[in-house]
Amino acid sequence: QLQSKILILTICAAGIGGTFQYGYNISIINAPTSYIQSFMNETWLERTGVPLESKVILLLWSFTVSAYPLGGLTGAVAAGPMAIMLGRKMSLLLNNIFVIIAAVLAGFSQMAKSFEMIMLSRFFTGVNAGVSMNIQPMYLAESAPKKLRGAVALTSASFTALGLVLGQVVGLRELLGGEESWPLLLASNVVPALIQLMALPWFPESPRYLLIDRGDKESCISALRKLRGNSDLSAELEEMLAEQAAVKGQRAKNPWELFQNPAVRWQLVSIVVLSSAMQLCGNDSMYFYAAYVFQEAGIPQEKIPYVVIGTGSCELITSVTCNMIIDYAGRRPLLLGGYIFMSGWAIVFMVALSQQTQISWMPYLSMACIFAYILSFGIGPAGVTGVLPTEVFDQMSRPAAYMICGSLLWFNLFLVGTAFPFIVKSLGHFCYVPFLVVCICTALYVGFFLPETKGKSFLEISEEFKKKNFKIQTHAAFYKGPEEIKSTIL
């Protein structure tokens with residue numbers, strides 16, 4: 001029992017300063033929007049004597065908001081080298097420096113009368129989230145026993161959702177969302193960082209990293225002992241040693257080497273498709289729409305923040321449910337089901353939006369759609385996407401795979417954030433058509449091409465992909481047919 005406790009505590013220590021920060025920092029920026037915008041205006045007025053035009057304020061605000069994904073992109077790129085050189089645990093610990101810098105900048109921005117400090121602070125917060133989104137699932141999946149690997153790595157998604165909800169709660173007017181307290185709200189992300197700095201050093205480094213990257217068998221066994229207790233380690237050690245033998249003499253790969261390597265082609269295509277779809281499926285845009293739809297449904301303005309907390313809680317509930325069932329249901333059914341349901345709800349949502357003013361009960365249908373969409377996202381795509389790079393790549397390619405995944409995730413977050421207001425302007429009620437297309441295409445890809453990875457060792461998964469990667473080439477050897485066929489693979 002003690003050992004499962006140690007595993008659970010390791011998960012909590014890694015999560016609270018890890019992906020929790022990603023969710024938390026996405027949602028705390030929403031509450032003080034108007035206060036920060038007026039602070040920008042007042043600061044500018046004091047400096048130059050001229051007030052800012054509303055267009056310029058909006059531009060400065062969008063810079064502030066987009067500094068976060070830009071920081072995330074930086075963090076995602078830095079995460080690979082950090083994970084290899086410093087190890088998984090050390091990277092997570094050092095990563096808190098960025099949040100502490102960010103909290104100091106944001107906390108004192110009002111006293112220093114500088115809105116540039118807020119932008120910088122959002123950038124550093126992003127760097128922290130970028131690193132942790134990549135390293136935390138890697139650290140946890142490498143530390144977990146095989147039969148629990150999916151559930152343990154998936155806790156990253158639960159911590160993100162927990163961060164989202166707590167950020168929405170702390171951002172309420174009664175707590176830190178008021179006009180005086182917004183610098184405190186933006187600096188409150190220092191608390192989870194300090195908790196992690198106190199807790200995580202007591203837990204072991206990833207045993208796989210110690211054995212395969214460092215070649216340190218003694219430390220690996222003692223880390224496993226801490227995590228597994230007195231249970232028999234021989235089978236797990238044997239599997240790790242087999243993996244160590246399989247990658248012997250190789251060094252950690254760079255992202256561009258993965259693109260050139262035919263042996264990982266399908267793995268790469270799979271994570272590129274799935275990590276792009278995760279942001280391009282429109283789930284985050286649902287939060288954007290939530291306030292408008294709830295208003296149309298006749299919920300009074302001051303009650304809306306509380307209902308929005310409901311949407312965040314939806315994601316939290318489903319990601320916890322997903323944790324419980326992933327190692328029974330498997331990865332494929334959850335992804336497939338998630339994207340199919342989202343496609344369905346997107347269609348209903350667009351119909352409901354277009355009839356919003358004609359039919360009296362339509363706003364309630366749109367409301368139901370928002371909750372259903374977020375639930376469908378939470379049950380599969382939200383969590384499973386983060387687990388896959390750990391499972392389908394070997395130890396030497398894994399950090400590079402996470403760099404590619406993370407960079408796509410943040411780039412697409414930036415893209416959707418920037419483009420969505422324009423999509424709404426031009427497509428009106430049918431703004432979900434692009435997202436619908438993404439959901440359908442992703443569901444088709446998962447249905448036809450993605451193998452199941454549940455309950456298999458990392459080597460077995462590699463073998464399964466090897467068949468796929470080299471099946472193409474054996475076919476090609478028999479017949480030199482039209483060139484078009486090859487291009488569809490890429």
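## Charges over rings

A charge sits over a ring if NZ of Lys or CZ of Arg is within 6 Å of the ring centre and within 35 degrees of the ring normal. With that in mind, look at the structure above, which is a predicted model. Lys468 lies over the face of Trp266, and its distance from the ring centre is 5.8 Å. Arg122 gives another example: its charged end sits over the ring of Tyr68, 4.6 Å from the centre.

## Rings that meet

Now let us turn to rings beside rings. The model holds eleven aromatic pairs. One of them joins Tyr22 and Trp410, with 5.4 Å from centre to centre and 80 degrees between the planes, so the pair counts as edge-to-face, the cut-off being over 60 degrees. Tyr22 belongs to helix H2 (residues 19-28) and Trp410 to helix H21 (residues 398-427), so to speak a link between distant parts of the chain, 388 residues apart. Tyr22 and Trp410 are both buried.

Trp44 and Phe115 make a tilted pair, 6.5 Å centre to centre with 45 degrees between the planes. Trp44 lies in helix H3 (residues 33-48), while Phe115 is in the loop between H6 and helix H7 (116-143), so this pair ties together parts that are 71 residues apart in sequence. Are these two residues buried or partly exposed? Phe115 counts as buried, because its relative accessibility is 3%, and buried means under 20%.

Rings can also gather in a group: Phe349, Tyr373, Tyr432 and Phe435 form one aromatic cluster.

## A look at helix H22

Phe435 from that cluster is also one of the buried residues of helix H22. This helix covers residues 433-449, 17 residues in total, and reaches 24 Å from its first C-alpha to its last, close to the 24 Å expected at 1.5 Å a residue.

Which residues of H22 are buried? They are Phe435, Leu436, Cys439, Thr442, Ala443, Tyr445 and Val446. Here is a handy idea for reading such a list: an α-helix has 3.6 residues a turn, so residues three or four places apart point the same way.

## A nonpolar patch outside

On the surface, Met85, Leu86, Met90, Leu94, Ile97 and Ile101 form a nonpolar patch, with about 510 Å² of accessible area together. Helix H5 (88-94) and helix H6 (96-112) are the elements that each give two or more residues to the patch.

Take Ile97, which is placed in helix H6. Ile97 is partly exposed, because its relative accessible area is 45%.

Methods. Residues numbered from 1 in each chain as written. Predicted model: local features only at pLDDT ≥ 70, side-chain atom pairs only at ≥ 80, totals over all residues. Heavy atoms only, no water. Helix = DSSP H or I, 4+ residues; strand = E, 2+ residues; numbered from the N terminus. Expected span 1.5 Å × (residues − 1). Buried < 20%, exposed > 50% of the residue type's maximum accessible area, 1.4 Å probe, protein only. Patch = residues over 30% accessible without salt bridge, like charges linked within 9 Å, V, L, I, M, F, W, Y side chains within 5 Å. Areas by Shrake-Rupley, 256 points an atom, 1.4 Å probe, with all protein chains shown as cover. Salt bridge = Lys/Arg side-chain N within 4 Å of Asp/Glu carboxyl O. Phe/Tyr/Trp six-rings, centres within 6.5 Å; stacked < 30°, edge-to-face > 60°.
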